[in-house]
Amino acid sequence: MKSITLLGSTGSIGTQTLEILTHHPDQFRLVGLAAGSNVELLAAQIRQFRPEIVALCDAEKLPDLKSAIADLDPQPILVAGEAGVVEVARYGDAEAVVTGIVGCAGLLPTIAAIEAGKDIALANKETLIAGGPVVNPLIAKHGVKLLPADSEHSAIFQCLQGVPEGGLRRIILTASGGAFRDWSVDKLGEVTVADAIKHPNWSMGRKITVDSATLMNKGLEVIEAHFLFGMDYDDIDIVIHPQSIIHSLIELQDTSVLAQLGWPDMRLPLLYALSWPHRIYTDWEPLDLVKAGTLTFKEPDHDKYPCMQLAYAAGRTGGSMPAVLNAANEQAVALFLDEKIQYLDIARCIEQTCDRHSRDNCPDPGLEDILAADRWAREEVLRIYSTLEKSDRVVSLR
């Protein structure tokens, strides 16, 4: 039985991870939980799984959580705030930590788990995008495993099983195309928040769904693939695949191409990250190629998806630039979701922020450099927003 700690338990990654644990109680044991602010759901999870330690990032709501589970015996250790999440990440005898916290907030807990000798099931791509120059050396130093738990990188990892060293020639990341794959470019100025969070294939959180609409998620995955698999950016391609049946592909030195297929279901990569190198039987619906029907592919439209090229440029620049890109995107998307900027302003804010960082880019950043770049980028996006002409601001979107 494998012992697991879960960070981000009330989000989509967290709830699907717990669904896996529910269906395989003989395979996994839960040691710790960490969540943001959803007290009601977290309390229900505590009652069901009885973890030893629990963190609530929103410290002000900790009394509410204590009250909600006051009748439990024994009581879990309760901690709060960002420091509490870090404490849960490094706690006890958990063999693996699932990092489902959204955004750069997952970086410090992931580092803490690595330093505590725990394997990482990585569902937080920002950990490597912003912190790759720090995280990869720590992985090597502490001899732990970093297993991708998102669909695209899990697909690549699965295809690489048995491929000899030096056999990989190219990575091909598939993208659904997001909410606006069938929209013309000239309509994007009319996009509302409601439009952007309607993903045609996947059920995800609001932020990642917007990233899918801008294709920034795929640009960020290019950077993550660079750090995970050691590939040059010229050897990592993106292709639009609307059906989301092929989750990614690899091309080998002899031009053979291997692909991993399945219904769009985040539980598949999560289960593989938790069970690797084993395969666990599930009763989930098997892929039926006849039912899936036609699989199609097309090249991304760079005019529709400028964020993708911004990500490639940041990755090639390296240093602290990917951290700035990631933080600028998080802040710009937050402004959009709060209906303070328009959809097309997301890419504009990111581009201006990266341009302004170019003269201060740190080529070999340490952790403090990365955290400083992250803070600066968020503040810079807010400065850019504050200088927008009042007439350009969006007061209310329908």
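Biologist: In which loop does Pro 277 lie?

Modeller: This is a predicted model, where local features need pLDDT of at least 70, side-chain atom pairs count only at pLDDT 80 or more, and totals for chains, interfaces and linings use all residues. Residues are numbered from 1 along each chain as its sequence is written, and side-chain values use heavy atoms, with hydrogens and water left out. Helices (H or I, at least four residues) and strands (E, at least two) are DSSP runs, numbered from the N terminus. Pro 277 lies in the loop between α11 (267-275) and α12 (289-292).

Biologist: What is omega for the bond that joins Trp 276 and Pro 277?

Modeller: Most peptide bonds are trans. The bond between Trp 276 and Pro 277 is cis, and its omega is about 10°.

Biologist: Which residue forms a cis peptide bond with Pro 74?

Modeller: Pro 74 sits in the loop between α3 (62-68) and β4 (77-80). The cis bond, with omega near 5°, runs to Pro 74 from Asp 73.

Biologist: Is Ser 244 buried or exposed?

Modeller: Ser 244 is in the loop between β9 (236-240) and β10 (246-252). Its phi is positive, about 55°, although Ser 244 is not a glycine. Buried means under 20% relative accessible area, exposed over 50%, and partly exposed in between (1.4 Å probe, protein chains only). Ser 244 has 5% relative accessibility, so it counts as buried.

Biologist: What is the relative accessibility of Glu 339?

Modeller: Glu 339 lies in the loop between α14 (321-337) and α15 (345-357). Glu 339, not a glycine, has a positive phi of about 60°. Glu 339 counts as partly exposed because its relative accessibility is 25%.
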